[in-house]
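Subject: Structure for your files

Hello,

Here is the structure we spoke about, with the sequence alongside. My notes follow below.

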Amino acid sequence: NMILAGAFDSFNDLYRENYVENTNNNESFLDLLIKYGQNFQLDKNLQTNTLFGTNDVIEIAKPKQPAAVELWSDLDRLNKERDLIGVFISSHPLDRYYAVLHDMCTATLDSLQNKEQYANTEITFAVILSEILKEGISKNGKPVGIVKIEDYSGSMELAMFGEDWSIWKGFFLKGNALYFTARVEPHKFRPDTFELKISSIQCLTDVKEQRINFATIIINLNTLTNNQLLSLQTLLHKNPG
């Protein structure tokens, strides 16, 4: 669990995937490491308990580091962290869409706990779909779906019924990053409360690619250092475009 959550990420040239990937003997590198440690301690104890107390050292072959393996996606890695620890540690799945969340969203899931403040207005917000809680047919024969969505501020359950669920359910895949446009309207049967009426859903990747065409970097020349210039130059070379 510590490995999957990133506790050993500081070791050079070893990734989380290396420990759990099966080797040629159909054993994981982690299994080989544990066996090595057990055999090392066993031989060490045997040496100290010999009749003549000799100090002969028996070399035990160390496990060979596994060859390069296919790395997990960022989302898979982060989901393992959250499943084991309860929170994202190394980063957040929405980090790559920071510009969209910062400049193109008018609401967060935390602020939507008080929908009245957005009454009869159109809002936009971006989330990660973390879980599909329910999908089926309601008592009156209409399709229904309940999903769990989350952003930096928190999480909430989103229920959709009838035609709404039929139209949008294709977007609801676990781990999908989504951009919602919705209107906050009085509830159809409870006019004293408000509900979200979804008008469009887009993948955040599409929004980022289609609507963000450039970025402006503003730097104070009076505080600019050579190290900062070198870092900026390195980043631009590593990320062309």
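In what order do the five strands of the open sheet lie? The order is β3-β2-β1-β4-β5, and the pairing is antiparallel. Please keep in mind that this is a predicted model. β3 and β5 each have a single partner strand and stand at the edges, so one side of each has no neighbour in the sheet. From one strand to the next, the twist averages 45 degrees.

The β4 and β5 pair is joined by nine bridges and runs antiparallel. Within this part of the sheet, V184 stands opposite L196 in β5. Helix α6, residues 204–211, lies across β1, β4 and β5, and runs at about 65 degrees to β5.

Now the interior. In soluble globular proteins, nonpolar side chains tend to be buried together. Here the largest nonpolar core has 23 residues, and those with the most contacts inside it are L112, I123, F125, I149, F172 and F180. Two or more residues come to this core from each of β1 (122–137), β2 (143–150), β3 (155–161), α5 (162–168), β4 (177–186) and β5 (194–203). Another core, of 12 residues, lies apart from it; V100, M104, A126 and A177 are among its members.

Leaving aside residues up to four places away in sequence, I149 touches L109, F125, V127, I128, L129, S130, G154, S155, M156 and L158.

Regards

How values were computed:
Residues numbered from 1 in each chain as written. Predicted model: local features only at pLDDT ≥ 70, side-chain atom pairs only at ≥ 80, totals over all residues. Heavy atoms only, no water. Core = buried A, V, L, I, M, F, W, Y, C linked by side-chain atoms within 4.5 Å. Buried < 20%, exposed > 50% of the residue type's maximum accessible area, 1.4 Å probe, protein only. Helix = DSSP H or I, 4+ residues; strand = E, 2+ residues; numbered from the N terminus. Contact = heavy atoms within 4.5 Å. Pairing = 2+ DSSP bridges. Axes fitted to C-alpha atoms, helices over the stretch in contact; angles between N-to-C directions.
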